[in-house]
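Hi there,

Here is the structure we talked about, ready for you to open. Have a look at it first, then read on for what turned up.

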Amino acid sequence: MSVGQNIPHDSSRGHVTGGSVFIDDRPMMAGEVLVLPVGVPAAAGRLKSIDYSQALKCRGVLAAFTAKDLSHNSWGTIVPEQPILVADKIGHYDEPAVLLVGTDMEDLLRAKKHVQFEIEKENGVFTIDEAIKLDRFIYKANAFKVGDADAAMAKAPHRLKGAFECGGQEHFYLESNACIAYPMEDGQIEVHASSQHPTETQHVVAEALGLSLHEVVCIVKRMGGGFGGKESQAAPFAAMAALVASKMKRPARLCLSKDDDMMMTGKRHPFKNYYEVGFDNDGRILSLKAHLYADGGAYADLSSSILDRAMFHVDGAYYLPAAHIEGAVVRTNLYSNTAFRGFGGPQGTMTIESIIEDMALHLKKDALAIRELNCYQKDHNNVTHYGQALGHNPLPELFADLKKSSDYDKRRQEIDAFNASSKTAVRGLSMTATKFGIAFTARFLNQGNASVNVHKDGTVQVSTGATEMGQGVNTKIQQVVAHAFGIPTHDVKVMATSTEKNHNTSPTAASSGSDINCAAALKAAVGIQKRLAWLFQNILAGTPMNDIAECPPLDESKLKFEEFQFENGLLTHKPSSKSMTWQEAIKQAYFNRLSLGEYAHFKTEGLGFDKKTSQGTPFKYFTNGVAVSEVQVDLFTGEYKVLRTDILMDLGRRINPGIDKGQVTGAFVQGMGWVTSEKLFHNKEGKLLSHSPTTYKIPNVQDTPRVFNVEFIENHENRENVHRSKAVGEPPFLLGISVWTALKDAANAKSKGLISTLKSPATPEEMLMEIARHE
């Protein structure tokens, strides 16, 4: 049994011994050159000219390339409007415009200072409010409507109106964007990239160089983190390296520094969401009207889909009987914002969680009581504002179980007593939930393929379109295939992802990497299983197999597949209890010329959402969880600590419990960082100032909860996914919101009944100002 076991991550030994090879670990080849992108020193305007003549005279500089050297200079996952290199119009500060090429990075950095730009500057737009005022929109979504929101609002006994703001977030993957392009025969290019989407990287490189897709291969062994930041935005850097390799006929390596990566690439989308909520005396939501505004930055990228998911998740875990949800993406002169773990879901969910805290303060009730009252139920109030029924819904159980196991009621009383007596600190307590829809909201992306090849010694190689960024997708695929064949996991190897082996694949994103690729690999493995079972069925039936006769081709109408079992290295015919070893089965299949390789294509069934009516089934299922966090805030400095967090999640039947627990804890801490310390600072010209570990504060070990409990419920009801498992990548990120709502709860304790205006991230400075506002 491999599925359900704590099999170590397939790269764990390599990571701790230094044996794992990342892009910049690849040995330099003879003649290899380094590539340094140089960005423009302006956020908006026209690039009139670039003078790099003095840079070319510097030691070690071999060449320089600009947009004029590209065959095609626009790309974009949804709207191809973003230049690979600035040719004319400038979108944001530090946008790449020229490539310096040399053999030593220190030489290139010195030469960079001699690049001169002639720019006709324009005033940049840097905030959502400015963009709205100037009518600068990238995308406007169709409204989501359920019930009569206006009529329900008019009849509601209580109404609150306001705006919720949350900031962006840097991905801060340990490995910055990196790629190496190798020129091959006949003008072909092989690109090794740190990319979540090899297919898109292949396409952007081919278009940039004027090649056909079959002339470019993209290979991804692993990434040192991705979190969505390498879903789309790895592609243009690969195109830059490929341009140099193609022009100079030399291998070209482009590995960004952390500073350049942060300045040149997009972040999580900041949102400003205006809302009005109507509710009754008990806190039951009667109507919600909201208009969500996302800051897309300079270009479209994935912003429209990110806004859509925010609108899908504005309900959080709570039933909305009447709602009217609108949304738009604004265009600013900041880096082009992009995918980030949660993909808009956190920004939508956080809005309703903030609203519930305000409702609790208004009604002088505990916020948890309001959450329990509005929570989606099992047999009623279980249809979303876009018309999807929740199916098996464990949310009421999760709330009730965690409330009990975390001693919520007792701790609430203790915290109230502490806040009544303490003169130096204030505490807060809050429980929030995640109800995260699993599937790409663009239906066509919900597909993948896999190849499974069994060798004559019984070992197996598997190739899929999934990319490993540390999340353990390769290990889960390894377990699923080993489980199918009944062999040890160490006899299965998941190979580097390559576009020549797995074509037209979707990005490893939307928490669907394991779902789609495990399912495709299992489907391929079953194809091989059936041929082996057919072979054994014929052996048991006495079918002649010798020098002049062999096992006939598989006839599925005659195969009694359910009678065979693959387990513990044996292929067993259950009715007769007769067995043959895995190795013998492979040997016999080979000599009988039965294929020991299989390709399979998988698509997620049952999806369908009508964007015209904003109704349908965009998700295959939901991953659910709840978290309760307790914080303490210093009243004099605003500094705070997370004293305790308890998490309870439903992940169905977990394929790898250890990896899943790591995903939950890591996602929570990353989410906590977004809502607390990770603040992006820009100067008045739009240049990012917080572009390094010294100026951008991600959580460290001292910031994690002093007490951190993570548990899972047992749930065997998710029949929608491979081995009844549930996706884990993004859903627990949303549980980090509980730290922010706990901070808001703490601020409310000192608010004297005034509704909070706390923004996210709630830095110590924000907390101090929020508390001081009520004194």
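**What I found, starting with a helix**

Helix α7 is followed by K249, and the phi of K249 is positive, near 55°. Please keep in mind as you read that this is a predicted model.

Let's stay with α7 for a moment. The helix runs over residues 235-248, which makes 14 residues, and at 1.5 Å a residue it should span 20 Å. How many of the residues in α7 are buried? The count is 12 of 14, so to speak a mostly covered helix. Among the buried ones are A235, P236 and F237 at one end of the list, and V244, A245 and M248 at the other.

**Aromatic rings**

Next, the rings. Searching the whole structure turns up 18 aromatic pairs. Take Y386 and F619: their ring centres are 6.1 Å apart and their planes stand at 75°, and because an angle over 60 degrees counts as edge-to-face, that is what we call this pair. Where do the two partners sit? Y386 is in the loop between α11 (367-374) and α12 (395-405), while F619 is in the loop between β29 (615-617) and β30 (621-634). That puts them 233 residues apart, so this pair links distant parts of the chain. Are they buried or exposed? Y386 has 0% relative accessibility, which makes it buried, and F619, at 1%, is buried as well.

A second pair to look up is W674 with F733. Their ring centres are 5.8 Å apart with the planes at 35°, so this one is tilted. W674 belongs to helix α17 (residues 657-676), and F733 to the loop between β32 (707-712) and α18 (737-749), so the pair ties together parts 59 residues apart in sequence. W674 is buried, with a relative accessible area of 1%, and F733 counts as buried at 1% too.

Y386 and F619 also turn up in one aromatic cluster, together with F144, F312, F609 and F622.

The charged end of K258 sits over the ring of F172, 4.8 Å from the ring centre. R268 lies over the face of F340, and there the distance to the ring centre is 4.2 Å.

Now find M28, in the loop between α1 (12-17) and β1 (33-39). Which residues does M28 contact, leaving aside neighbours within four places in sequence? They are L34 and R253. For a sense of distance, the C-alpha atoms of M28 and F343 are separated by 36 Å, and the two residues are 315 apart along the chain.

Last stop: the second largest pocket, with a volume of about 830 Å³. It is lined by 40 residues, and the closest to its centre are T77, I78, A442, F444 and L445. The elements giving two or more residues to this lining are β4 (74-75), α6 (198-209), α9 (303-312) and β28 (608-610). Which element gives the most? That is α6, with five residues.

Happy exploring!

How values were computed:
Residues numbered from 1 in each chain as written. Predicted model: local features only at pLDDT ≥ 70, side-chain atom pairs only at ≥ 80, totals over all residues. Heavy atoms only, no water. Helix = DSSP H or I, 4+ residues; strand = E, 2+ residues; numbered from the N terminus. Expected span 1.5 Å × (residues − 1). Buried < 20%, exposed > 50% of the residue type's maximum accessible area, 1.4 Å probe, protein only. Phe/Tyr/Trp six-rings, centres within 6.5 Å; stacked < 30°, edge-to-face > 60°. Lys NZ or Arg CZ within 6 Å of the ring centre and 35° of its normal. Contact = heavy atoms within 4.5 Å. 1 Å grid on protein atoms, 1.4 Å probe; cavity = no way out; pocket = protein on both sides within 12 Å on 5 of 7 lines; lining within 4 Å. Points joined across faces, edges and corners; volume = space filled by probe spheres on them.
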